[in-house]
Structure formats: C-alpha cells, structure tokens
Amino acid sequence: MLRNRLNRGGGRTQRPFSSPATWQGSAKIRSSGWCTKAAASDAPAVPIKAVAEARTVVGKITEPTGRTDKGLIDTQPPRGTRDFFPEDMRLRNWLFGEFAAVSTAFGFEQFDAPVLESEELFVRKAGEEITDQLYNFEDKGQRRVALRPELTPSLARLVLQRGRTLPLPAKWFAIGQCWRYERMTRGRRREHYQWNMDIVGVAGVEAEAELLAAIVTFFERVGLSKDDVGVKVSSRKVLQSVLTQYGVPPESFARVCIIVDKLDKLPRDKVEEELRVLGVPPATIDGVLSALSIRSLEELSRLLGPDSEAVADLTRLFQLAEGYGYKDWLVFDPSVVRGLAYYTGIVFEGFDREGKLRAICGGGRYDRLLGAFGGDNAPMAGFGFGDAVIVELLKEKGKLPAPPHRVDDVVVPLDTALRPAASGIASRLRRAGRSVDLVLENKKMKWAFKHAEKLNASRLVLVGASEWERGKVVVKDLAKFHQEEVPVEDLI
C-alpha cells in the first residue's frame, strides 16, 4: 500500500532531489531583502549594492514605520538594533562558533557578565567618546546603571572579585552584546556582539603575540588571507616618548592619544586643530605627526634611541610573530594608539587591505586598569572583535556562508490514526540523538518530499498502516535514493 502511495506522490521517489545550491538559495542573505533607507535619520544613505543598508551582520535593521490606521503595533525593532530571523541566527551561530573554536584551540576559558552594569564601571575622565555614547539611566532603586559598551571593564570587575584566589596566568574569552549610542555607518550599529580574548598575569609581549596569533587563526579559518587583511601594530610608549621629547605634560597624554586615534577618520588639518585646542604648540604638532608617519622599526630606533622600551617591545613582538608564522600579516604603524585611555603598551588594529571598512578588531596591553578601579594592578592584554565589520568584509569577498536549516529525519504519518505511532517514532529517534521534524498535519506525499528537501533532511520516515501492523516503518534515504522497510526496534 505504501509503495502505491509513494508512486502517487508525483513520481518523486524516482527523481533525484535538486542540488544543495538550489535549496540554499532560500537561506542566503539576498540583496532584494535589504532596506533601501538609512538605518537612522542621522546616517547617510547607502547604496543597496553596498550590502550594509538597513541590514547588518546577521539580522535586519529598518526604519520604524509607526502604527497603521488599523492600530497595528510598530513591528520594527528600536532604531539601531536588529532582529534575528532563523536564517540570521544560523549565520550568527556560525560566526560565534568560529570565535569559540579559536578561543578553545588556544586554551582559553569562556566567561560572561551582565549586559547591565554599574555606570561607574564605564565613566572615565579622559574625554573618551565611549563615555558620551553610554546607554545609561537610573533604575527604580535610584542606582546609576548602563548597558555595557565593551567587555573589558566587566572582565576587570570579575578579576577583582576573584582577587588573589585567581590562578595566573588566566586566559578568558567572551562573546557578548554591547551597546553604544552613536552615529550608524557601515559596520557600526548601536548594538553589536563582540568577541574578546584576554590574558591576565603575563607581563611580556608574549601575551600580545599569542592574541595576535588567535586573530590570524580566525582570519584563516573564515577564508581570509594576508592579502585581504592585516594587523597594524604599535605601542603607546612610542607616542609617550615623542611627547616627552617635546615637553608635553604627562597629564595631556591620554587626551592626545584620543585625538591622534582619529588620524584615519578625520583630515589631518582637523586633527591638528584639535591638538591646538588642547594647547599643543604647532612645532610639537608637526614633530608628533611626523614621528607617527614612520613605517620601520629601524627608523623608530634612530628617533627614540636603541634603549627605548617601545623599540624593544616591538622588536620582540615581530620576532615572536616570525616564529608563529604570521609576521607577514603585521604592519608597523605608530599612528595606531587606540582611543581608549586604559592602554599602556602594545596596541594593534585589524584592517582590510582595500581600506573600505573601519577597523575589524583592536586591542593591546592595559596594565593599569585594575588600579583605576581601586584594585592592585596586574599585567593584562586583550582584544575586542565585533561581529559587524567582519561580516561586511566576508560578504565583500564572497566568503560569507549561508548555513541551511538541517534535520536528520522527517517523520510522516500517512493516516490520522497513525499519528500516535509517528509521535513515538519521532521520540525514539530524538532519544537516539537525531534531529527530527514530525509532520503535525495531514499532508500529501508530494508536500512531504518538498518539505524534506527544504530542510535538507537525510531521511524520510513514513509510518503507513500495513507496515505498522507488521511492526515496521519505511525509511527512505534521500541521498542514496533508496528505501527499505525497517523494524521499529532496529530504527536509529
């Protein structure tokens, strides 16, 4: 009886299924599904071909439309945030899986902390943009709180909480959501996810070398080469030494770093203007910016002297990079200082070689962060790697996957009376560790085959009356185009 029913299903038992390339099309991120508006009124319009308009990373951002005449609620998420439909979640899970795989391959342990933290954890006095970009408010207990804009202060809080009981060195990683109220551009949203890897308790640049190795390993895993991306490397000590030579007071150092960090974002004359406003003399500005244009360690050594700590740290880092095998990925660039005030030594930024996107990732050494929170300082180094820019880059390079929805088995009862039996079959297979889609309505065989194809199922398990009476079900292998009757007790 079952064989006749299969034959009545449009002959699908004899025809091969379409190739994966055919059905994957439904799971791909299609340009036709992207919004043509900018995600915010203060953001510039972006051409639809740029892939970043209104949809970012994984998830969609669209302009709120307000209520309709019928009173329908606004179905769009808050401005600057994203929805994650199933196809978006598959992509996000793939990306997070790559982050986690690299971290565990390097022996790191995962941690997490609340998205909502005390405001004082992020409010600093260095004039950083991040302070002005906080989502902060007073809760119902009159406590000042904020949505975390980055993960490193939360890490510092956890390290201080453990105190001397924390075995060192500690190697931790996290993948968490962060929030910043800022102007949205391609690869920059008001909420994003960030991958952090941090090493606590290692004073030498060996820590930075290991972190850079992890970043390069990730790039390689997702199909990017040193021709696609690189990592700019420098040290805060370079700028500090130059400013000392020109007599700039130490209390101005953090603010100068924040201004200099804008060199790749603003015209040089704008950076010069901000330095003049800070009180830096014109001759000093010219000297500082000239020093930051150096592109070799040899030239840096001539400027700062052979006994310079910055030169020694960078020389050692490049030696270690050669040992790891990723030296060709690194570019010495003393203009890289990072905008966050807590960095103290080596700093680095990942970038795309074509220069179309903002920094892919960034990090460095921050040995005095714990002291800023009232604890005892400890050597620390780490990086943050956002989800937005890397997805834009992979998309640009044609390397962004479209992970399909997959199940192992589709179980189909061929009569309403057999639904309890089919439920038992589905439970049996799930207990065996297989993913199972149980058809919950009366459907024709043609629909069942199309449904199995859509889900990229490995097998169809058909529960028919005559076979069930004999204690069997029909199992159709969808890859081998083979079917057989299998006793229920042998079904796995």
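Mentor: Buried means under 20% relative accessible area. In this predicted model, F111 is buried, and W172 is buried as well.

Trainee: Why is the pair of F111 and W172 called tilted?

Mentor: The ring centres are 5.6 Å apart and the planes stand at 40°.

Trainee: Which parts of the chain does the pair link?

Mentor: F111 is in the loop between β1 and β2, and W172 is in strand β5, 61 residues apart.

Trainee: What makes the pair of F218 and F385 edge-to-face?

Mentor: The angle between the planes is 70°, and the term applies over 60 degrees. The centre-to-centre value is 5.1 Å. This pair also links distant parts of the chain: F218 in helix α6 and F385 in strand β11, 167 residues apart. Both F218 and F385 are buried, and ring pairs link them into a cluster with others, including Y193 and W329.

Trainee: How do you know that R190 lies over the face of Y181?

Mentor: R190 is at 4.1 Å from the ring centre of Y181, and the distance cut-off is within 6 Å.

Trainee: What makes β2 and β3 edge strands?

Mentor: The sheet is open, with the order β2-β4-β3 and antiparallel pairing. Each of β2 and β3 pairs on one side only.

Trainee: How do you know that β3 and β4 pair?

Mentor: They share 4 bridges in the antiparallel sense, and pairing needs at least two.

Methods:
Residues numbered from 1 in each chain as written. Predicted model: local features only at pLDDT ≥ 70, side-chain atom pairs only at ≥ 80, totals over all residues. Heavy atoms only, no water. Helix = DSSP H or I, 4+ residues; strand = E, 2+ residues; numbered from the N terminus. Phe/Tyr/Trp six-rings, centres within 6.5 Å; stacked < 30°, edge-to-face > 60°. Buried < 20%, exposed > 50% of the residue type's maximum accessible area, 1.4 Å probe, protein only. Lys NZ or Arg CZ within 6 Å of the ring centre and 35° of its normal.
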